[in-house]
Amino acid sequence: MTITFLSNYINHHQIPFCDACCRELGEDFRFIQTQPMEQERIDMGWDTKAVTLPYVLCLYEEEERCLRLILESDILLAGWTGREDLIEERMKRGRATIRISERIYREGQWKAVSPRGLIHKYREHTRYRNQDAYLLCAGAYVPSDFHIIRAYPGKMYRFGYFPRTVHYTREQWEGLKPSGGMLEIVWAARFIPLKHPEFMIRLAVYLKEKRRDWAGGKEGFDSFRIHMVGGGEMEADLKEQAEKAGVEENLVFHGFLSPGGVRRIMEGCHIHVFTSDYQEGWGAVMNEAMNSGCGEVANVQAGAVPYLIRHGENGLVYPDGDFEKMARAVLYLASHPGECRKMGRAAYETITKLWNAEHAAAELIRFCKGVLEGEAVPAKEGPLSPAPVIAPGKMYEAMMRDTDFDGF
């Protein structure tokens, strides 16, 4: 069985998954990159050397070979490419194709009323609804978007991004997080509006005002520090806000770091706060924080959250960018360090046992074999399991129905 993964370019969030596929399939797996990586991503520390991986081919360097693979591979995985014509030709030939997509209406499903947009979506997706075409949903809001355009009925499955997974020994795990003393909190992303870094300035003020509610106790914390990892257009304003609010000593601005540098900070932090809104298709930083054993506090609006978090078990979610509920969730973990450790451990196991590259690759290969044999069998949970269609405004309510936790 030959599988070709077609996307704009390979990055560090995809490499572990592709490595796992290559280990299973050898030369029968290839990744085709359709364009060079943007300078902005390179400046953020994304690795451009990935094109030297043995399974990576560049369309703009080996066009004939790449076109042959796109058309003739048993299975084509098609991400965003900027070259829909390549996929269209394969679909005309009736060859099995599995799309991987984030949201198509991330700014709001009201955009689905656009006649021009609907024509484009019909040509790209809907007209293939009865063909050998499937959709891997890189985010919990993807199924609802595609349901609107009536594409991939009964053929949508959970998926996502799978950064490098780290496994810790018992001894490493026991020494991972500092005990008592300083409460360490991490936020990591670009400093742009959709990521809402300004919430962390407000959080610092809130924790300072609520110190009596979380500080002290046998296993408690005495003070707190928020690590801000990243950079961008809002950085100068954020530093000014912190100074005016009198919390500049509680925030550390690290700038952009390598993926390994981000992980090292996460490993030393008790809590990760993920504040991105609906424009965040997935949010691989949350995979990394969970793998690092952080107690997770996450906005339900981001695509990864409903797939990765079980509220009250391996993290806490808050609705619709609600700062007050986010702050109360952080306060709960800060004032219940035992629960924070417990959720952090459960988060770690979610990644190491289920939402990781090796498991996703194994499930994909199993699924693809079924497709070629005429029976696509979904997984029972995690990657490749059926993706439920839940409207964006109903997601928090749906998650709350599945939990008994009412801790804050």
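Student: Which residues does leucine 67 touch, not counting residues up to four places away in sequence?

Tutor: The model is a predicted one. Leucine 67 belongs to helix α3, which covers residues 63–72. With residues up to four places away in sequence set aside, the residues that leucine 67 touches are Leu59 and Leu86.

Student: Is leucine 67 buried, partly exposed or exposed?

Tutor: Buried requires under 20% relative accessible area and exposed requires over 50%. The relative accessibility of leucine 67 is 27%, so this residue counts as partly exposed.

Student: How are helices α14 and α15 oriented to each other?

Tutor: Helix α14 spans residues 323–335 and helix α15 spans residues 337–353; their axes lie 5 Å apart, at an angle of about 105°. Angles of 65 to 115 degrees count as roughly perpendicular. The orientation of α14 and α15 is therefore roughly perpendicular.

Student: Which residues of α15 make the contact with α14?

Tutor: By class, this contact has six nonpolar, one polar and one charged residues. From α14 come Tyr332, Leu333, Ala334 and Ser335. Their counterparts in α15 are Pro337, Glu339, Cys340 and Met343.

Student: Which residues lie closest to the centre of the second largest pocket?

Tutor: The volume of the second largest pocket is about 520 Å³. Its lining consists of 22 residues, with 12 nonpolar, five polar and five charged. Elements α13 (305–308) and α17 (395–401) each give two or more residues to this lining. Closest to the centre are Arg158, Pro306, Tyr307, Ile309 and Arg310.

How values were computed
Residues are numbered from 1 along each chain as its sequence is written. This is a predicted model: local features need pLDDT of at least 70, side-chain atom pairs count only at pLDDT 80 or more; totals for chains, interfaces and linings use all residues. Side-chain values use heavy atoms; hydrogens and water are left out. On a 1 Å grid over the protein atoms alone, a cavity is a set of points where a 1.4 Å probe fits but cannot get out, and a pocket is an open set with protein on both sides within 12 Å along at least five of seven lines; lining residues have an atom within 4 Å of a point. Grid points are joined across faces, edges and corners, and a volume is the space filled by probe spheres set on the points. Helices (H or I, at least four residues) and strands (E, at least two) are DSSP runs, numbered from the N terminus. Ala, Val, Leu, Ile, Met, Phe, Trp, Tyr, Cys and Pro count as nonpolar, Asp, Glu, Lys and Arg as charged, and the others, Gly among them, as polar. Buried means under 20% relative accessible area, exposed over 50%, partly exposed in between (1.4 Å probe, protein chains only). Contact means heavy atoms within 4.5 Å. Axes are lines fitted to C-alpha atoms, for helices over the stretch in contact, and angles run from 0 to 180 degrees between N-to-C directions. Angles under 35 degrees count as roughly parallel, over 145 as roughly antiparallel, 65 to 115 as roughly perpendicular and the rest as oblique.
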